[in-house]
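Keep the structure open and look up each residue as you read.

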Amino acid sequence: MTFIIIVILIFVAFVVLLNRAGNKKETIRKYNMYILKGTEYLNSGNVEKAFELYDKAIYIYPEHFYAYSLKGQLYYNNRDFAVSLDEFDKAIELCDSDVDTYYFRILCNLTLKNHNNVINDCTKILELNYFNIDAYYLRGKSYFEIDDFENALSDMNTYLNSVNTNEFAYYIRAMCFFHINKYNLALKDMEKFIDLNPSNISYYMRKISIYSKSKLTKDVLKLLYDYIKIHPNEILLYIMIVNNHILLKEYDKAISIAEKAIAINDNIRTNSLLWGAYVESSDFNSALIVSNKIISFDINSNVALNNRAFVLIRLNKYEEALEDITKSIEIDSTLAEAYKNYAHILYKLGNIPLARENIEKAIEIDPDNGDFYIVSAAINLYEDNLDECFNNLNIAKEKLICYYDYLDDCIFDKIRDNSVFLDLYNEVH
């Protein structure tokens, strides 16, 4: 009797297992059918129906990852990135070995600039498949974005050893070299990048910036003249050529190139370029003519009025300069240069208290402009405050000085033999 009961129980268990297997097989069949039909709807452009069928697949078989991953891709394509990430997270929780789902989550996190998450997922992909070369590129890109240049370099080196046609990998590696001051290596990669992608002017600018950082001004100019043959109407190139000629004190060439820029596009920007070249060459009469032209483009430009005031000061036309600078400040009271020029005019006219008030405003707005501290030092000398004068000159030495002719003012004759003044003066002459 016992034996018969055992046989019956085994038979029942077997039938149950067969039914379960049959049900499981039917569930998988329906699941795959929903996935297939959903994808067909998606390919025909019916995204809403695709969502519906993927949801049905999840309902009947919630333990399987694939439908979650497909839904995540749909949300990603619709730019609903937060929900997309939720779906990818569910898919990876159910199956942590599907490389494709990791890649889609990586793309989503790249869009959201979650670079540490990208790094983690790329590392996981490489654990699953060490030879998955694209993971090195994506991880290196994210390391670069968080300024981890050493790790970015390591990944880009591995990637570029296998793939030599991805121009952006060369660009990223070039920028990594640039940030760790390996300029020759940066230039080599930037040249490769431009060879693979020669159409975008901004990439030439990056290469030029590397040369500029290396202080290779003549090399920069050679590049600029080469690039201007490719992009003859790109005003940015003319601006950089003019600025580099000014650095080399080649003012005639700077003026000539600025005039060519004006011939291409006669506007405030190009005329301001010519104005700057004349100012740097100390041809203030020509600069005044250009200032008048610039203001004719926009009579309410506070910058143009300030710049003309700057030139009028150099021509000792203080009353005219005062009229321009007053109007400039009325138009916009946030331009630090205007308060500096106002202070300069006032101390030339002998109104020292108001000059002091305005140079303090200029410094408050922009504390990193060395010119302001030189003007302040000049005002100190009118007040016979030598200690504060020397303090301001020392500060100016540590800041960016744009125009050194302030130091030629006769007011500094009082201290021209002093070591503090000589340290600053000799540094710039």
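1. Start with the nonpolar cores. The largest one has 78 residues. Leu393 and Phe412 have the most contacts inside it. Please remember throughout that this is a predicted model.

2. Look at Leu393 next. Leave aside its neighbours within four places in sequence. Leu393 is then in contact with Ala377, Leu407, Phe412, Ile415, Val420, Phe421 and Leu424.

3. Another core lies apart from the largest one. This other core has 37 residues, including Cys122, Tyr159, Val163 and Ala186.

4. Now turn to a helix pair. Helix α14 covers residues 251-264, and helix α15 covers residues 268-280. Their axes come within 8 Å and cross at roughly 165°. An angle over 145 degrees counts as roughly antiparallel, so α14 is roughly antiparallel to α15. The crossing is left-handed.

5. Which residues of α14 and α15 meet? From α14 come Tyr251, Ala254, Ile255, Ala258, Glu259, Ala261 and Ile262. From α15 come Thr270, Asn271, Leu273, Leu274, Ala277, Tyr278 and Glu280. The residues of this contact divide into 10 nonpolar, 2 polar and 2 charged.

6. Glu280 turns up again with Cys402. Not counting residues up to four places away in sequence, Cys402 touches Glu280 and Asp371. Cys402 is found in the loop between α22 (386-398) and α23 (419-428). Its relative accessible area is 33%, so Cys402 is partly exposed. Cys402 and Asn369 are 33 residues apart in sequence. In space they are 7.9 Å apart, C-alpha to C-alpha.

7. Is Ser84 buried or exposed? Ser84 has a relative accessible area of 0%, so it is buried. Ser84 is found in helix α4 (residues 81-94). Leaving aside neighbours within four places in sequence, Ser84 is in contact with Gly72, Tyr75, Tyr76 and Cys108.

8. Finally, check two backbone angles. Most residues other than glycine have a negative phi. Asn316 is not a glycine, yet it has a positive phi of about 60°. Asn316 is found in the loop between α17 (302-314) and α18 (318-331). At 55% relative accessibility, Asn316 counts as exposed.

9. Asp384 also calls for a look. Its phi is near 60°, a positive value in a residue other than glycine. Asp384 is found in the loop between α21 (370-382) and α22. Asp384 counts as exposed, at 59% relative accessibility.

Key: Residues are numbered from 1 along each chain as its sequence is written. This is a predicted model: local features need pLDDT of at least 70, side-chain atom pairs count only at pLDDT 80 or more; totals for chains, interfaces and linings use all residues. Side-chain values use heavy atoms; hydrogens and water are left out. Axes are lines fitted to C-alpha atoms, for helices over the stretch in contact, and angles run from 0 to 180 degrees between N-to-C directions. Helices (H or I, at least four residues) and strands (E, at least two) are DSSP runs, numbered from the N terminus. Angles under 35 degrees count as roughly parallel, over 145 as roughly antiparallel, 65 to 115 as roughly perpendicular and the rest as oblique. A crossing is left-handed if the near helix is turned anticlockwise from the far one by less than a right angle, and right-handed if clockwise. Contact means heavy atoms within 4.5 Å. Ala, Val, Leu, Ile, Met, Phe, Trp, Tyr, Cys and Pro count as nonpolar, Asp, Glu, Lys and Arg as charged, and the others, Gly among them, as polar. Buried means under 20% relative accessible area, exposed over 50%, partly exposed in between (1.4 Å probe, protein chains only). A nonpolar core is a set of buried Ala, Val, Leu, Ile, Met, Phe, Trp, Tyr and Cys residues joined through side-chain atoms within 4.5 Å.
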